[in-house]
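Here is a short report on one structure. Take a look at the model first, then read on.

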Amino acid sequence: MWIVYLALAAALLFAGMVAFVALTQTRLLFPAGMAAANRPDLPASAERLTLRTPDGGLLAGVRLGPGVPSSDARPLLLGFGGNAWNADAMALYLHGLFPDHEVVAFHYRGYPPSSGEPSA
């Protein structure tokens with residue numbers, strides 16, 4: 001009889017884990033809080049950007065100008081971080097790789113300070 005209780009307990013534990021993952025899947029897949037906690041210090045020359053979307057949402061971003069002014073026009077680098085990256089960190093990373101380019105990076109929807117909800 002104990003094997004039946006063990007099987008029932010295992011089934012209930014498994015069902016509870018599946019229910020937990022199903023209810024929290026968006027938070028588990030899109031760790032917006034972790035990205036918001038990683039806010040590096042930006043240089044004084046950084047410019048904060050806001051973009052209003054057609055559905056009324058707000059996208060927040062950052063612009064870093066070229067480190068050294070040049071006479072020839074360099075292409076603008078547009079960066080979007082990975083799932084748990086902060087746009088400020090992405091802009092600093094790209095600007096470190098390409099210091100003579102202008103860099104713009106935006107926070108995904110639902111990743112503070114952008115509004116909305118992250119989704120697939």
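In which sense do E2 and E4 pair, and over how many bridges? They pair in the antiparallel sense, over four bridges. Two strands count as paired if DSSP finds at least two bridges between them. Strands (E, at least two residues) and helices (H or I, at least four residues) are DSSP runs, numbered from the N terminus.

This is a predicted model, in which local features need pLDDT of at least 70 and side-chain atom pairs count only at pLDDT 80 or more, while totals for chains, interfaces and linings use all residues. Residues are numbered from 1 along each chain as its sequence is written, and side-chain values use heavy atoms, with hydrogens and water left out.

**The sheet**

Four strands make an open sheet with mixed pairing, in the order E1-E2-E4-E3. Its edge strands are E1 (47-52) and E3 (77-79), each pairing on one side only. On average, neighbouring strands are turned by 25° against each other, direction ignored. Helix H4 (residues 87-97) packs on this sheet and touches E1, E2, E3 and E4 (103-106). The direction of H4 makes about 160° with that of E4. Contact means heavy atoms within 4.5 Å. Axes are lines fitted to C-alpha atoms, for helices over the stretch in contact, and angles run from 0 to 180 degrees between N-to-C directions.

E1 and E2 (residues 58-64) also pair in the antiparallel sense, over six bridges. Their hairpin has five residues between the strands, and Gly56 there takes a positive phi near 95°. The table lists residues that stand opposite each other.

| Residue | Opposite residue |
|---|---|
| Glu47 | Arg63 in E2 |

Buried means under 20% relative accessible area, exposed over 50%, and partly exposed in between (1.4 Å probe, protein chains only).

Is Ala87 buried or exposed? Ala87 has 3% relative accessibility, so it counts as buried. Ala87 lies in helix H4. Ala87 touches Val62, Ala105, Phe106 and His107, not counting residues up to four places away in sequence. Leu77 is 10 residues from Ala87 in sequence and 13 Å away in space, C-alpha to C-alpha.

Trp2 belongs to helix H1 (residues 2-23). Trp2 counts as exposed because its relative accessibility is 62%.
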